[in-house]
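Hi there,

Here is the structure I promised to pass on. My notes on its aromatic rings follow below.

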Amino acid sequence: MDDDATDNHLRTTGPQADPHAEDRAEDHAGDHAVVLGAGMAGLLAARVLAMRFSRVTLIERDELPQGEPVFRPGIPQSRHAHILWSRGVELMELMLPGITDKLVAAGAGLFDSPRDFLWLSPADWFGPVSGARVLLASRELLDATVRGEVLRNARVRVRAGATATGLVAGPDGRTVTGVELRDGERLAARLVVDATGRASKAPAWLAALGHPVPAVTRYDSHLGYSSRYFKIPDDPGRRWQGMYVQGRPELPRGGVLMPLDGDRWLVTLVGNGEHAPPAREEEFLPFARSLRSPALYDAIRDAVPLSSPTAFRNTMNEWRHYERLERWPAGFVVLGDAACRVNPVYGHGMTVAALAAEALAKEIRTLDPVQIAAASRRIQRRTLAAAAVPWQIATSEDMRYPVTEGPPPDRATRILQRYMSRVMAGANTDQAIAARFFGVLSLTRPPGTLLDPVTMLRVLSKRHLPGNPDTTAYPAHHGPPAEREARSGV
């Protein structure tokens with residue numbers, strides 16, 4: 001099914017397209033799906049499953065907050081930078097019509113990346129080129145808004161403060177027929193979807209049913225985060241909305257500054273290995289000052305902090321190869337980070353969750369609940385394949401860093417890395433290259449877009465070398481560099 005057909009399917013088969021469809025659906029014990037985890041992958045999966053199941057139950061171990069969006073332990077990385085790339089925005093809007101307007105009304109922002117930002121790539125500053133649309137908001141606001149929209153569907157219910165401790169198998173041992181909860185309750189279901197992310201116990205649960213543990217591929221660049229909120233200072237002359245100073249393999253330090261709901265900036269400092277950013281308050285600004293450009297430090301040095309720094313270190317890429325298992329139980333699917341997670345620095349996590357939900361929608365569009373359960377192995381493979389491009393992007397970039405642990409790059413990867421360095425350098429100033437590059441990065445275009453003859457000729461004809469060592473402190477199109485440098489003491 002092509003994208004247009006998928007979009008039409010999402011528009012015409014959900015409750016919004018026919019508000020009486022749910023009233024006509026039969027409600028019986030075998031028409032029940034259980035989704036473990038109420039993060040982004042779980043919420044979007046529940047929305048899609050409600051197209052085919054009369055009952056969908058979300059099991060979430062956290063007590064879900066009511067009212068104002070607040071932090072919850074089940075999403076520990078929520079205090080760090082998050083972006084929703086354009087493909088994720090499009091898919092969420094199709095699944096939950098009106099969600100974008102609700103988010104913007106609550107304080108989220110829609111921007112053009114990199115045009116609306118100061119962005120220092122490994123090559124140089126991006127000029128005023130248009131790339132891709134991004135939505136910026138706190139993760140707390142995103143989750144609360146999406147959860148509210150999903151739970152408007154009468155077919156979806158949530159059980160907060162509940163933890164699944166294992167799968168319930170059918171008499172043949174090859175079919176999953178439900179989940180067991182911590183209190184001993186058994187919840188019967190035709191389909192169980194594990195979307196618990198990093199907390200997934202799926203390998204152990206499958207082993208308990210006699211299935212082999214899947215092979216795992218890992219790449220760990222030992223990237224660390226340290227984040228802090230600031231009040232946005234008044235500056236009538238500011239021409240940018242956010243900032244991204246990237247590191248390089250020889251100086252793997254960077255930082256992101258983004259506007260959030262609540263008139264706040266979220267500043268996330270990043271670094272690999274021994275360059276991981278500090279969590280101590282007195283070390284936060286000095287680390288920011290050590291980046292390749294003083295722009296981020298200059299922006300926050302006099303800003304009022306609204307929080308202490310918070311650290312996060314669990315950023316490895318990890319693919320659990322469920323698609324390789326020869327045997328797979330009917331009635332069970334592992335989705336999202338529970339199956340494949342990528343380094344969050346590339347901002348793909350929530351968009352990958354939306355892509356997996358899209359793949360799920362395609363697979364179940366003509367099936368009834370019994371057929372969906374029987375097709376679990378195929379569904380598992382197709383939803384996991386949705387992470388293939390983000391995995392390629394994250395791992396090939398992480399392999400540039402000497403501290404990265406994982407399978408070494410082969411010759412083809414090294415050639416691709418060199419070519420992508422030239423692509424990045426070209427995208428800094430060439431609108432045509434930038435449109436293609438950000439189309440791939442935002443997951444709206446396939447990677448082959450950058451390898452067609454016209455694009456390759458354009459990229460390879462550029463004289464600007466990747467990794468220009470003579471980058472200026474500030475890009476000229478965002479204000480007088482000399483004046484700003486004088487003000488920052490550079």
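Is Tyr225 buried or exposed in this model? Keep in mind that the model is predicted. Tyr225 is buried: its relative accessible area is 4%, under the 20% cut-off that the word stands for.

A search of the whole structure turns up 13 aromatic pairs. In one of them, the ring centres of Tyr225 and Phe312 are 6.5 Å apart and the planes meet at 40°, so this pair counts as tilted. Tyr225 belongs to strand β13 (residues 223-231) and Phe312 to strand β17 (residues 310-312), so the pair ties together parts that are 87 residues apart in sequence. Phe312 is buried as well, with a relative accessible area of 9%.

Another pair brings together Phe437 and Phe438. Their arrangement is edge-to-face, with 5.0 Å from centre to centre and 85° between the planes. Both of these residues are buried.

The charged end of Arg79 sits over the ring of Phe71, at 3.6 Å from the ring centre. Arg238, in turn, lies over the face of Trp240, and here the distance to the ring centre is 5.4 Å.

Best wishes

Technical notes: Residues numbered from 1 in each chain as written. Predicted model: local features only at pLDDT ≥ 70, side-chain atom pairs only at ≥ 80, totals over all residues. Heavy atoms only, no water. Phe/Tyr/Trp six-rings, centres within 6.5 Å; stacked < 30°, edge-to-face > 60°. Helix = DSSP H or I, 4+ residues; strand = E, 2+ residues; numbered from the N terminus. Buried < 20%, exposed > 50% of the residue type's maximum accessible area, 1.4 Å probe, protein only. Lys NZ or Arg CZ within 6 Å of the ring centre and 35° of its normal.
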